[in-house]
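Visitor: Please take me through one part of this model in close detail. I would like to see how two of its pieces meet.

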Amino acid sequence: QRLESGNPDMKGSARRGVLSHPLGGEKLSCREPSTIEEEQENHNCMHKLPDGGEPKVVEVTYPSVSELAPIAEGALDEFVLDVEAQLKSTEWVRVCSGMNGLRSLAVHQPVRCDSVVSSLLPFVVKAIRSPRSALSKSAIITSRDLFRYIPISMADLIDGGSTSTSLLSQLLLKAASNDKRFVVEEAVASLEEMAQSLSSLSVMNALLPY
């Protein structure tokens, strides 16, 4: 009633469902029911959940040393090649599997692991830096077993503050301050293993620069 009293020209148009734009321009008619239904359908489509199956749930395992299967002598060469291929994979689940393979190699075939660790350790370091916590944890566990079973080789491969080296000790220190507790626990365990397995001088040279 106040609209009509304030603007006599609107009396007839308001009854017919036609309103003038307050800033001028064309009149906007009341929409037909079919138009309203189409807009409602479009609105529902915008909020519709995506089609397709549920995302695949990936379970990453972290076997203990006793659960790592031994490697048959006749299959050792093939096993090493398979581990290398998995560590180089772009699929993080395969990389985790390669980490477990490298651990098996260190535990059951330390002499052979000694011969290939220098070429495979960079992939371990890369995985420790991964933002994916499960992959980082798997790589940290691998570094712990490498310190335990092939300490002499690892003493030559940990960095001493030089950017040209592996940065392994630096990354383990950084992981020990991670916001995820299960990563922190493994990083601390790996650092403790490094301190117990290597000479005091090697450990000091690796950690003091940081």
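Guide: Cys96 counts as buried because its relative accessibility is 4%. Buried means under 20% relative accessible area, exposed over 50%, and partly exposed in between, with a 1.4 Å probe and protein chains only. Cys113, at 0%, is buried too. The structure holds zero disulfides, a disulfide being a pair of cysteine sulfur atoms within 2.5 Å.

A word on the source: this is a predicted model, where local features need pLDDT of at least 70, side-chain atom pairs count only at pLDDT 80 or more, and totals for chains, interfaces and linings use all residues. Residues are numbered from 1 along each chain as its sequence is written, and side-chain values use heavy atoms, leaving out hydrogens and water.

Now the helix pair. Helix α5 spans residues 92-108, and helix α7 spans residues 133-149. Their axes come within 9 Å and cross at roughly 10°. Axes are lines fitted to C-alpha atoms, for helices over the stretch in contact, and angles run from 0 to 180 degrees between N-to-C directions. So α5 and α7 are roughly parallel, the term for angles under 35 degrees.

Cys96 is one of the α5 residues in the contact, and Trp92 and Met99 are among the others. From α7 come residues including Leu135, Ile141 and Tyr149. Contact means heavy atoms within 4.5 Å. The contact residues divide into 13 nonpolar, three polar and three charged. Ala, Val, Leu, Ile, Met, Phe, Trp, Tyr, Cys and Pro count as nonpolar, Asp, Glu, Lys and Arg as charged, and the others, Gly among them, as polar.

Methods. Helices (H or I, at least four residues) and strands (E, at least two) are DSSP runs, numbered from the N terminus. Angles under 35 degrees count as roughly parallel, over 145 as roughly antiparallel, 65 to 115 as roughly perpendicular and the rest as oblique.
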